[in-house]
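Dear colleague,

I am passing on the structure below, followed by notes on what was found in it. Please read them alongside the coordinates.

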Amino acid sequence: SVGSRSGRHEADTMPGFDYSKWDNLELSDDEDHHPGAQFIEENTLRRIKREAHENKEKERAEKIESLEKQIRKNERKIKELSEGENAPANEAEIAKLRSANSTFQSEVDTERRQKKFNAEEAVRDAWSHSLVGAACKPDAGPEKLDYEAFAKKYGDQLDALAVKDFGSGYEEMGDYFRDNSHLLTEHAMGYMLLKCLYMEMEGNTLGMRRGARAGYALKSIVDFAEASKRSMRDAAPAFFGRMNDPEVAKEYEKMYEDYVDKLKKRAVDKKKEEEAAAAEEATRRLQLKGDDKALEELPREERLGPGGLDPVEVFESLPKEMQDAFESGSVEALREYVNGLPLEDAKHHMKRMVDSGLWVPAPGEEPGLALQ
């Protein structure tokens, strides 16, 4: 090998050029620079490092999954203990489980912060896609819309989403939200919840289940984003990535079915609530009609109902039995009489009563069959 140049005389140097940077530099023999030997050594080292990294991160992922599984188990136990008559007596155990979950979650967060990425993982982007034409304009970020404005702007798109069939997997749904990330909001989650609720109230359980697929995915992304302290747009890729794990997908399906069951129960309660509100409004109208002067004293254009009919004129055209029911304020008497009429006659009278405002049907109820 070539030794140090520190013994070089000043007379051997070219004036104006400093060779000191070469001092104490040792060069290997030519044999050490054999391209094949160096290539094999570097790749062997790279492989060893990669395998060590993969093994370590696999252990980390297994630990995180074990902790998250325990957290889910404790959450289910907390839910069981919080319901029923014995809930107050279970407060100590519930507090203990919550404290354990807090510790487990802290460990999960620590493991995720300590996760290391190799070069291949650092550049991997599962949601990258090409944009063409007007779509190339930069993302302005989430819109600042209130719920009403959001529903007005994206209602048609959300209605289409509610009936979209994504099949049995989650890859297609992930692609959909990647291309429509403006729907990754809590407003969209709320809209889909109400959409599914009303479908179930109308008896469209199959449609409700299909819409609940997207609705529950939005809810899960909201929860995932809150837990990881990220935006829904940032959390969505990770959420759909986890769906590739069969165990995670299996657990998610159970939670989806639980979500559907709760929707069904809520639909029953909400329908009763709206029917009660409609009956209350109808009773109010009946009582108001009991005092004809209250309506007759109003200008005709002010007392017209939603269908453009005059309630005074409609009332005077009703059979005497229906007028008596109105004047007594008895919804049951009115219902009994209408149910005894031929279907076409009942539909005719009820449609006119709805159009005049004498009767307010429940949401989704056909006006002509309001009392059937």
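Among the contacts in the chain (heavy atoms within 4.5 Å) with a separation of 6 or more, 63% join residues 24 or more positions apart. This is a predicted model, in which local features need pLDDT of at least 70 and side-chain atom pairs count only at pLDDT 80 or more, while totals for chains, interfaces and linings use all residues. Residues are numbered from 1 along each chain as its sequence is written, and side-chain values use heavy atoms, with hydrogens and water left out.

The secondary structure comes to 15 helices and zero strands, both taken as DSSP runs numbered from the N terminus (helices H or I, at least four residues; strands E, at least two). Of the 372 residues, 31% count as buried, a term that stands for under 20% relative accessible area, with exposed meaning over 50% and partly exposed in between (1.4 Å probe, protein chains only).

The second largest pocket has a volume of about 1200 Å³, and of the 28 residues that line it, the closest to its centre are Arg72, Glu75, Tyr216, Asp223 and Met255. A pocket here is an open set of points, on a 1 Å grid over the protein atoms alone, where a 1.4 Å probe fits, with protein on both sides within 12 Å along at least five of seven lines; lining residues have an atom within 4 Å of a point. The volume is the space filled by probe spheres set on the points, which are joined across faces, edges and corners. Helices α1, α2, α7, α8 and α9 each supply at least two residues of this lining, the largest share, eight residues, coming from α9. The lining divides into 10 nonpolar, four polar and 14 charged residues, where Ala, Val, Leu, Ile, Met, Phe, Trp, Tyr, Cys and Pro count as nonpolar, Asp, Glu, Lys and Arg as charged, and the others, Gly among them, as polar.

Arg72 itself is found in helix α1 and counts as buried, at 17% relative accessibility; leaving aside its neighbours within four places in sequence, Arg72 is in contact with Glu65, Arg242 and Glu251.

Towards the other end of the numbering, helix α15 (residues 343-356) reaches 20 Å from its first C-alpha to its last, close to the 20 Å expected at 1.5 Å a residue, that is, 1.5 Å times one less than its number of residues. Its buried residues include His349 and Met353, and what covers the buried residues of α15 includes α11, α12, α13 and α14.

Best regards
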